[in-house]
Amino acid sequence: VQLVESGGGLVQAGGSLRLSCAHSGQHFSHYAMGWFRQAPGKDHEYVAGIARSGDKTYYTDSVKGRFTISRDNGKYMVYLQMNNLKPDDTAVYYCVQGVYYGDSEDNLDPPFPTSRWGQGTQVTVSS
């Protein structure tokens, strides 16, 4: 399984970016997906998660109302729409694949166990 992020860049505070994550396809619809980020000198932070069918989502408090996670199971894609960006959002953003829950409901709550990570894409928000 490969995860490839794109869409990062430099944006002014208040601006928007849309991150995309291309999954290589193997059993994509079997897994919850998510986004983590890591700011300089800080630990990885779980930002958003989405269930297999897309009917349930999770957001960390600092991004609620500003970020939207979505997925397209037919295209093996995950997206993170980021609006009203703030300098504190500056970080490397990683697309992640969750773990397989079988017939159980996806658990999107932290710490969101992961099975695959992408290489990351840099997001820099200037003030």
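This is a predicted model: local features need pLDDT of at least 70, side-chain atom pairs count only at pLDDT 80 or more; totals for chains, interfaces and linings use all residues.
Local features here need pLDDT of at least 70 and side-chain atom pairs count only at pLDDT 80 or more, while totals for chains, interfaces and linings use all residues. Residues are numbered from 1 along each chain as its sequence is written, and side-chain values use heavy atoms, with hydrogens and water left out.

I start with the disulfide. Searching the whole structure gives 1 disulfide, taken as a pair of cysteine sulfur atoms within 2.5 Å. Cys21 and Cys95 form the pair, S to S 2.1 Å. The link bridges distant parts of the chain, 74 residues apart: Cys21 sits in strand β3 (residues 17-23) and Cys95 in strand β9 (residues 91-98). Strands are DSSP runs of E, at least two residues, numbered from the N terminus. The angle about the S-S bond is -80 degrees, a left-handed link.

Are these cysteines buried or exposed? Cys21 counts as buried because its relative accessibility is 0%, and Cys95 is buried, also at 0%. Buried means under 20% relative accessible area, with a 1.4 Å probe and protein chains only.

Now the cores. A nonpolar core is a set of buried Ala, Val, Leu, Ile, Met, Phe, Trp, Tyr and Cys residues joined through side-chain atoms within 4.5 Å. The largest has 25 residues, and Trp35, Phe67, Ile69, Leu80, Met82 and Tyr93 have the most contacts inside it. Elements giving two or more residues to this core include β3, β4 (33-38) and β9. Another core, of 8 residues, lies apart from it, with Phe36, Ala51, Tyr58 and Leu108 among them.

Last, Tyr93. Beyond neighbours within four places in sequence, its contacts (heavy atoms within 4.5 Å) include Trp35, Phe67, Leu80 and Met82.

Methods
Helices (H or I, at least four residues) and strands (E, at least two) are DSSP runs, numbered from the N terminus. Buried means under 20% relative accessible area, exposed over 50%, partly exposed in between (1.4 Å probe, protein chains only).
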